[in-house]
Structure formats: structure tokens, C-alpha cells
Amino acid sequence: MNSSASIAVPLYRLAHGRTGDKGNRSNISVIAYHPALWPVIEAQVSAERVAAHFAARRPSHVARYVLARLQALNFVLDEVLEGGVNSALNLDTHGKALAFDLLQMEVALPADLLMHCKGPQEP
Amino acid sequence: MAHPIPDLTSPRWPGGPASAATPLLVGCGAGFSGDRTDAARPVVDALMAAGQPAVLIFETLAERTLALAQLARERDPQAGYEPLLADLLRPVLADCLAHGIRIVSNFGAANPEGAAACIAALARELGIRVPRMALVLGDDLMGAAHAQALQAACGADWPTARVVSANAYIGAQQIAQALQQDAEIVIAGRVADPALVLGPAAAWHGWAWDDWDLLARGTMAGHLLECGSQVSGGYFADPGYKDVPDLAHVGFPIARIEADGRCTISKPENTGGLINAQTVKEQLLYEVHDPAAYLTPDVVADISQASVTEVGPNQVCLDGVRGHARPSHLKVNVCSERGWLAEAEISYAGAHALARAQLARQIIATRLGAQGRLRCDFIGVASVLGDDDSQWLAQLPSDSSAPRDVRVRWAWEQPTARAAEVLLREVNALYTCGPGGGGGVRTQLRSRLSTVSCLIARDLVACGWRWWRAAGECA
């Protein structure tokens, strides 16, 4: 459908999200800003890429859930909070910052979809 | 007052709605212990103006909060409930009672009885009558009667240190029963957060406790409300990408819950914040794992086919939630003591700040050796995104692009306060023994808690509720 050339853009231009925590497990939502951007997100933001993004935190497992009607992904990262709210030495014991960290991931965007992205319209 | 007062003698609370079409309004006045204490006032104003049957909830109990409350109660038998309780209720209690707005909360924490006494004292201070208060009980599993079952359920995870609290997440049925018996305030401890909304919704609409779709819808309405303004523009703003007006006066949410379980989230007029599809989706997925199986004591909610629709300015409808039979077991959190945490910081700024910070990091690591977990962060470079092993910090470039203002922060876990103090002394000694130009040392030492979760058979947890009576009052 989109035959135009792809450009690299950060995910935060296509999607927003929030981190939640329970114990030593984190969940991160990735929600499309626009329906036209959803197929790009669904195709490219894989569990493998998310696991690689957080490799320094050594998640033992990353699950990806697809919520097509909400045009959202939900990632569940096991054992990624260095012990979680009670035992982590990290200042951010909840891992609240993880969603905004993930949104820095680069995706390849067909250039004609740039008009649906947030932020500056120049690539 | 021009506001109409709903007829509370109608059969609606006891025995279900007089009219199947009458929705219930549930407003949220707090989303955690420590939330703004002026948030409930505009919510109550909106509920009064609506003149419909209404409930105000306060959610003030996180995983850690209950253990802290139990420790507070050990020190003072009158304490152990939400410390800000009187501040939360003072602005709204008189109007809620006068206008039939029921109050439902987990602000009882480790001492629902104490919370009720506090509210009675507040009522006397305000010169109003003492409300009819119900206490939800049974979540506290600290007694000897449960010790064996809990140890078996936790298995190898059972803490070796002293257990501070053990609480089951109980469901909404006791809340609903108390409301149907005409309770004006329902005071719970560790109920599942969304039960604060499901209880009133099920009581008002007369939902059956095995109508899983309805229970799931009430539960997810509760999930949207339970974190206060996190659904109405709080914890959402990202300037230029997700702009939210007037967060200084963010409006807390109100759910309109229909008899078929659909809910519409809105907020009071003339408040800040924002409710749109984006804010609701973020909160809908908050702390959710498998969207098809969100586990609660009352129902397994399924939002895999849920949809959100903007139905007006700052009004979003949640639809498509389904439910499955409730789990056979209840989740229990067991909190225990967990040694001590020492934290210390020092700043390096100006020329070669990062290089001096790296040197300080190496010096402290050498001085403390391999005893206990030690973490180091460079605030100004990476305050939270680094790792416990400092691999991330070690690979930072030290060229001219390096930051020129770095605050080094250490965290160290030790079994005793005396052992943990060593970090504080070592960082303080960097003043004279460390790299040049370090300044602004701050240190703190505090005890820690540890939580493990386990599952316990439902019939081992004796949930119930009873009326509160002032000390000395006859039963």
C-alpha cells in the first residue's frame, strides 16, 4: 500500500505508552497515535526487539500481546526491575521510566505516513 | 442548596435499582497514599450537581503501603490506617453525608477500626453526625491460624526474616453487602483496588456474582478509576506530543456505570486535565499482563476485544469488556523485613566532571569490596537507566561531549544498620580522599521491606464485614 521510501524515525513519533509494575515484572504499553501508523508498529515492534532494547536489564522473558481494537501492544517483561519496588537499588524502583526509554527505539516509516506522526514534519 | 438529593430510602441500594436505566456515578478522590488532598472537592461538587446516585472512592493502598501501615500499628495501636485520612475527608465529608454520596475506600489499611474512629472524631470536629460505617474484614492473615497455610503456599519463597504483614486481596462482595444494608462509609483494608468500584456497581445494579461479563465491566471501570488522575490527564503529558491543560488543577475521574456494565469516564467541569482515547488506553493497559486474563478476586476480566470511544469533550466510553469465572485462589502478599539500604551522593561539576565521577565510582567499589549489592548511578547522565553492574556507566565516552555536571549516587544493601553505615562514611570521606572538587554530600539510611506473593485457597480466607460501633457502645 505504501510504496514510498522508508525513513528512520523514533517510535515516540508514532506511539505513546505507559509502564506498570507488579513485583519484579514490568508491563509497557505501546499505543498508536493514528490508525495509519498501527500496521507499522505491529509489524516492527516485536518481542525480540523489545528484549534487545532492554538487554542491559536481562529480562528472563518478554511476551507481546496485540490489542487490535485499541491499536496497542502490551509487552510484559519478566525479572526486569532488579527486584522491584521493595528490593531494587535503582532510584526508579518501579521502572516508571521504561516506557519512555522504549519509545526511543527506531522504526522504519514509509515516508508518506510522516503526516500522521507527532512532532516536526521534517524527517 | 439547589442540588436534588437522591432518595436513599428507595429500594435501590437494598435490593437493586428501581429502574433498570438508572446509572451509578462513581467518583475517585485519590489514586494512591499521598495523592492530592484537594482533588475530591471538585468531584463531590460534580456528583452533587448531577443529583444521581453516587459513590466516592479513595484508593490509598499500594503493595508496600500495607506493610508500612502494619509497622505503624505495631508502634501505635491506634494507627495503621491511611495517615492522610482526615485531610482527605475533611473537605467533603459533610456534603457526602448530606447528599447521600456513599464513600468506599481501602484507607482502613492495617486498621479499619482505627480509621472509623478517626472519621467519627472528624465528624464531631465538623459538628455533623457520625456516619453509619461498615468495616470490611478478613484480608489480614497475620495470625497463627494462617501461618501454616501461608508457609505451604509460599514454599521456598517464605521469608527467613521477620514477617511484617500478610494480606489477601479480597473481592467486592462484602463492600456490596454493606452498601445494600445502607452503609454510608465502607472502610476496607486489602481489597483488590477495582473492588472499590465493582462493589458499589454490583450493589446498585443488583448484579449476580456469577454474571462474569457484568463483573468484568465493573472491574475495568474500577481499573480506570483506581489510580485517580492517571486516566484524566495525570501521568500522561509529554510536551509537544501529548499536551495536557492545567495539570496543576487536574480533575479526578468520574465513571458513569450503566446497568449493562458499560462505563463512561468524565471529570468535573472547570478542572484541568484531559480525558480522551489516549489517556484511557494508557490507563486501561496499566499494570495489565495478559489482556485476556486480568485476574481479580471477583472475576477474570478480558479486555482483548475492548474498545474506547470519545463520546464528547473529556468523555470516553469503555465497551467490549468480557469476563470469565473467578480464580479458585486468592493472591496474598507477605511482607518481611529486609535489612538496610544506605544511599549517598556527591557532585562533580566543571572540567572533566565525568572522569572524576568515574574515579569516585571505582574508589568506592574498591573500598567496599564485594560485600552486599552495590549500585552506582550518575545523575545528569543516567539517573535510572543504568544497570546494577555499572556496565552501562563503564562504557560512557569521556571525550569533550561528556557531561560537565554529574551527581554520583550509590545504593548499598546490608543486613544491619551498622554495616550499611560504612557506605555513608566512605562517600563522606571522598571530600578529602577522593577525586578533586567533589561537593554536596548527602546520605540516608533506612530499613527495607521485602514482598513475596503466593496463592491461597479461597475458603481459607474468612471475608466478612460488620458495623463499626464507638468504644463502649453496646452491640
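**Notes on chain B and its contact with chain A**

1. The contact takes 39 residues from chain B and 30 residues from chain A, where two residues touch if their C-beta atoms, placed from the backbone, lie within 7 Å. On the chain B side, α10, β11, β15 (374-379), α12 (391-394), β16 (405-414) and β17 (439-457) each supply at least two residues. β17(B) gives the most, with five residues. By class, the side of chain B that touches chain A has twelve nonpolar, twelve polar and 15 charged residues. The classes go like this: Ala, Val, Leu, Ile, Met, Phe, Trp, Tyr, Cys and Pro are nonpolar, Asp, Glu, Lys and Arg are charged, and the others, Gly among them, are polar.

2. Before going further, some housekeeping. This is a predicted model: local features need pLDDT of at least 70 and side-chain atom pairs count only at pLDDT 80 or more, while totals for chains, interfaces and linings use all residues. Residues are numbered from 1 along each chain as its sequence is written, with chains lettered from A and ligands numbered from 1 in the order in which they are written. Helices (H or I, at least four residues) and strands (E, at least two) are DSSP runs, numbered from the N terminus.

3. Strands pair here if DSSP finds at least two bridges between them.

4. L135(B) stands opposite I187(B) of β6(B).

5. Axes are lines fitted to C-alpha atoms, for helices over the stretch in contact, and angles run from 0 to 180 degrees between N-to-C directions.

6. Helix α1 (40-50) of chain B has A40(B), P42(B), V43(B), V44(B), A46(B), L47(B) and M48(B) as its buried residues, buried being 20 or more other C-beta atoms within 10 Å of a residue's own. Their cover includes β1 (24-30), β2 (54-58), α3 (85-89), α4 (93-98) and β7 (254-257) of chain B. Just after α1(B), G51(B) takes a positive phi of about 65°.

7. How do α11 (353-368) and α13 (417-428) of chain B meet? Their axes come within 11 Å and cross at roughly 140°. I364(B), R367(B) and L368(B) in α11(B) meet V422(B), L423(B), E426(B) and V427(B) in α13(B). That contact divides into five nonpolar, no polar and two charged residues.

8. Last, a three-strand open sheet, β9-β10-β13 of chain B, with antiparallel pairing. Two bridges join β9(B) to β10 (300-302) of chain B, and L295(B) has V300(B) as its bridge partner. Helix α9 (212-225) of chain B lies across β10 and β13 of chain B, at about 115° to β13(B).

Methods. Buried ≥ 20, exposed ≤ 12 C-beta atoms within 10 Å, placed from the backbone.
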